[in-house]
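Please look over the chain shown below before reading on. The report then goes through it part by part.

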Amino acid sequence: MYDRLDQIFQLQKMCLNQLEEAQRNSEQYSLNMKMLSENMKTNWQRSNYFLTEYDSFVTNITAIMEITRKYNLQMYLHNIKLTEIQALFTKINQKDKKTQSGCDSKSTLKEAGTHLYPAEEYDLNSEPPDEDFVYPRLNLSEVYKENAFISGRVTSIKSINDLTFYIFDKSSKYRDTIVELAKSLELRQYHDMPPANEVFGYVLDKHIFRAVLSSKNLYDVEMDEEIFPCYILDTGEILPLKSNCIMYRLTFEQKSIPAQAIPCQLITTNKNPFVAQQEMEEKLRSLEYANCCHFKIVAIEDNILQVELDNMDPDKAIDNSCLDTVSVGNDTDNVKCKQLTDDELEMLYEEPLNTSNAMKAVMGYDPQDDKRICRFYDPEIGGCFKGANCKLEHTLRQPDGWTKDVIPSASIIDCRHPTTVFPPGKIINITPTYIGRLDRFYAIINDPHQNATPLVWNDEDIPSWKLLKKPPHMFELVLSRYIDDLWYRAKIMSHDDDYKMFKVLYVDYGNYQVVHLRNLASIDMGMAQMPYQAILCRIEGVREKQSLSVDEHKNAIEILCEMILNKSMDVKVISHYEDLFISFIDTNEYPIPDKFVEMGFLDYNEV
């Protein structure tokens, strides 16, 4: 033990020497940099060599800035780790003092009326009292009985000294709803902080958890930002929420589900209280990382389950076979890393400090025109002297040296097939939404077992940072503003030569529109993955007559719209792969296609 202590002090001494040397080098570099800057300022017009020296100086400063930023980030993360270790020893010392004085800390403080969490301060090691959060709760006396058993996953430990923790009951009737919510794709995102005491969806470790904000907003002086204490309803954790976190609006049903984090306290019948406390603390720490645990309910006091392990053998009390599908984040390292932005993390784990490529250093991009475009291209002959043997691109370069490269963005390109394929002969109910040709139209499938959510957004739902600044790609899925000033999902079909005007297809209705770039916005991945509500339906056995004039075609479309547009009807499926081939059942009400063939608008397909 003492050898290890000596080793710690020796390492500490070595570390302090290195830090002092780093400080001296930093001060010396700062002094030299200031002196060189003043000399260059004074003698800038006297010599022609300062341009080269200027480039070397800028490269040197840039390299030092990269090293310093990474150093500061690493120091920040390691300081957090040291703070956690120091907090652990502080709790141990407080526990020893409480044991010597023989007083109950928690009960004494509550009886004396001392507030454990001042509203004007924020301490990373402290948590606000549970009374600051308002949310639906379970009456444990009605749900659980004494001497009954409960199995689930320990989601978080509230206090290791009091042996209190939270468990997610795997037999809860709300379990499937919580699991479905964790991976839901049909939620609308908050663009501001949700109101206090309102249940909302909080994205943590790529899962959506139900959460509620405290009625008290705090301010972190060290980080110089506002902190919102956030209680996770189904894990029992209290996390600091920031305004740049991803939050979603929940439905009334999802908000009304009581919190599934069941408060429990581990008890024992060991006669030696000191030995029992140590044993229970070790067992509770081991339960935190188990997939499923089994407990016996001894008593229910103050809506807290007093439990003991079903079998005192930890190997039998912990069951790793019943893996809970609700992913609960207990990894503190991941949470700490999420305090850094994506740019900071990319800079932190980036290997190279600088680059010898001047274009990459100045522009941040290395143009590929020299590798892609043939430098012997002659516009008069439309090629070069190599003829067909040249594999490079034959086009003119930009006269001012600008690159012609197109940098791809993080786009959502559509290339999907139908999610539901209807078998031949099935009778389905549809509602036509757009008719552009006489032999085909777009329609919505009316499925009684699935509620089609209207995918419509207003200007308040589209923040300014979502508006596109760069032209989208062909067949990219975006949000487009329609003439009614509402936003709908749309797919890019074509564009003009200047990449300013775009022809889009509204995938949930089937109609087309030409819109400007300023009326396009990026779409969330969750919304983009939802199936299209408009399906292209083709009338079986007929085709549009090619000899129709423009006026005849327009009149025929108007007649067909009056007959079927926005009307629900039953049709029979002939085949379904990409397009849905149908035939009308009620030919009296919808005399299609025979009547249109008689009117000369359609022709029968040749067999």
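## Basis of the model

This is a predicted model, in which local features need pLDDT of at least 70, side-chain atom pairs count only at pLDDT 80 or more, and totals for chains, interfaces and linings use all residues. Residues are numbered from 1 along each chain as its sequence is written, and side-chain values use heavy atoms, with hydrogens and water left out.

## The chain as a whole

The chain contains 15 helices and 23 strands. Both are DSSP runs numbered from the N terminus: helices are H or I with at least four residues, and strands are E with at least two. Of the 607 residues in the chain, 34% are buried. Buried means under 20% relative accessible area, exposed means over 50%, and partly exposed lies in between (1.4 Å probe, protein chains only).

The accessible surface of the chain is about 38,700 Å², and carbon and sulfur atoms hold 52% of it. Such areas come from the Shrake-Rupley method with a 1.4 Å probe; for residues, only the protein chains shown count as cover. Among contacts with a separation of 6 or more, 66% are between residues 24 or more positions apart. A contact here means heavy atoms within 4.5 Å.

## The annotated region

In UniProt, an unreviewed entry gives residues 368-397 the annotation "domain: C3H1-type". UniProt also places the feature "zinc finger region: C3H1-type" (unreviewed entry) at residues 368-397. The positions are given in the numbering used here, feature names are shortened, and annotations may be inferred rather than shown by experiment.

In the model, residues 368-397 are 13% helix and 0% strand. The end C-alpha atoms of this stretch are 12 Å apart.

## Aromatic rings

Rings of Phe, Tyr and Trp (its six-membered ring) pair if their centres lie within 6.5 Å; planes under 30 degrees apart count as stacked, over 60 as edge-to-face and the rest as tilted. By this rule there are ten aromatic pairs. One of them joins Phe-376 and Phe-385 edge-to-face, with 5.2 Å centre to centre and 75 degrees between the planes. Phe-376 is partly exposed at 35% relative accessible area, whereas Phe-385 is exposed at 64%.

Tyr-488 and Tyr-509 form another edge-to-face pair, 5.6 Å centre to centre with 90 degrees between the planes. This pair links distant parts of the chain, 21 residues apart: Tyr-488 is in strand β15 (residues 487-495), and Tyr-509 is in the loop between β16 (501-506) and β17 (512-516). Tyr-488 is buried, since its relative accessible area is 11%, while Tyr-509 is partly exposed at 29%. Ring pairs join Tyr-482, Tyr-488, Tyr-506 and Tyr-509 into a cluster.

## Charges over rings

A charge sits over a ring if NZ of Lys or CZ of Arg is within 6 Å of the ring centre and within 35 degrees of the ring normal. The charged end of Arg-137 is placed this way over Tyr-135, 4.2 Å from the ring centre. Lys-503 lies over the face of Tyr-512, 4.9 Å from the ring centre.

## Two residues with polar contacts

A polar contact is a pair of N or O atoms within 3.5 Å; within protein, one must be able to donate a hydrogen and the other to accept it, and residues adjacent in sequence count only if both atoms are side-chain atoms. Ser-159 lies in strand β1 (residues 149-159) and is buried, with 17% relative accessible area. Its side chain reaches the backbone nitrogen of Asp-162 at 3.3 Å.

Lys-567 is in the loop between α14 (550-564) and β21 (569-576) and is partly exposed at 35%. The side chain of Lys-567 reaches the backbone oxygen of Glu-562 at 3.0 Å. Lys-567 and Pro-432 are 135 residues apart in sequence, with their C-alpha atoms 6.6 Å apart in space.
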